[in-house]
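Let's go through this model in a few quick questions. Have a look at it first.

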Amino acid sequence: MARTAQLALLIVVGLLTNTSILAVSAGFLFVLQLAGWNSLLDLLEKKALPAGLLFLLLAILAPLAAGGAQLADLMSCISSGTGLLALAGGILATHINAAGLDLLHRHPRLGLGMILGSLLGIILWHGVPVGPLMAAGITALFLELFGQRHRP
């Protein structure tokens, strides 16, 4: 299937599944491709994931900068059982995501399977697309559990 047709299909799927972030992203890439801006597409391929992680972290830290969360809130959060579980969850998630990032760097084509899996999760189970990094981390965990750490 031609690249523009694949992007058009992703736009349609994004619209049909009410996943605007997919429709907008595929639409943006569709326009760049039609315009022949291959150098920008190459730049996005190399730099968009780290830039996205930066903006995600900025969004998470913004309440601290805006004064909506204080250090005392953090201390009270981690002094409870639930807060400690949240801390452990954050540590585990970042470890799994690091493995996913490594997997995406070594085998970028696996991202297509993760996108398809995310779409199926959205369509069939009304899932929430949190991005390819968590999917990559879970994939890396599966590969390790099934003894395929270096062979996807």
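Q: Which helices do the buried residues of H5 pack against?
A: This is a predicted model, where local features need pLDDT of at least 70, side-chain atom pairs count only at pLDDT 80 or more, and totals for chains, interfaces and linings use all residues. Residues are numbered from 1 along each chain as its sequence is written, and side-chain values use heavy atoms, with hydrogens and water left out. Taking contact as heavy atoms within 4.5 Å, and helices as DSSP runs of H or I, at least four residues, numbered from the N terminus (strands are E, at least two), the buried residues of H5 pack against H3 (38-66), H4 (71-78), H6 (110-125) and H7 (132-145).

Q: Which residues of H5 are buried?
A: Buried means under 20% relative accessible area, exposed over 50%, and partly exposed in between, with a 1.4 Å probe and protein chains only. On that scale, the buried set in H5 is Gly83, Ile96, Asn97, Gly100, Leu103 and Leu104.

Q: How far apart are the end C-alpha atoms of H5?
A: The expected span of a helix is 1.5 Å times one less than its number of residues. H5 covers residues 81-106, so its 26 residues should span 38 Å. The model agrees, with the end C-alpha atoms apart by 38 Å.

Q: Why does Asn97 count as buried, and which residues does Asn97 touch?
A: Asn97 sits in H5. Its relative accessible area is 18%, so Asn97 is buried. Leaving out residues up to four places away in sequence, Asn97 touches Leu133 and Met134.

Q: Which residues of H7 are buried?
A: H7 has 14 residues and reaches 20 Å from its first C-alpha to its last, close to the 20 Å expected at 1.5 Å a residue. Cover for its buried residues includes H3, H5 and H6. The buried ones in H7 are Leu133, Ala135, Ala136, Gly137, Ala140 and Leu143.

Q: Is Gln33 buried or exposed?
A: Gln33 lies in H2, residues 20-35. Not counting residues up to four places away in sequence, Gln33 touches Arg3, Thr4, Leu7 and Leu41. Its relative accessibility is 15%, so Gln33 counts as buried.

Q: What is the relative accessible area of Gly36?
A: Gly36 lies in the loop between H2 and H3. Its C-alpha is separated by 33 Å from that of Thr139, 103 residues apart along the chain. Gly36 is partly exposed, and its relative accessible area is 44%.

Q: How many helices are there in the protein?
A: Along the sequence, the pattern reads α-α-α-α-α-α-α. There are zero strands, and the number of helices is seven.

Q: What percentage of the residues in the protein are buried?
A: The C-alpha atoms fill a box of roughly 55 × 45 × 30 Å, taken along the principal axes. The protein has 152 residues, and the buried share is 20%.
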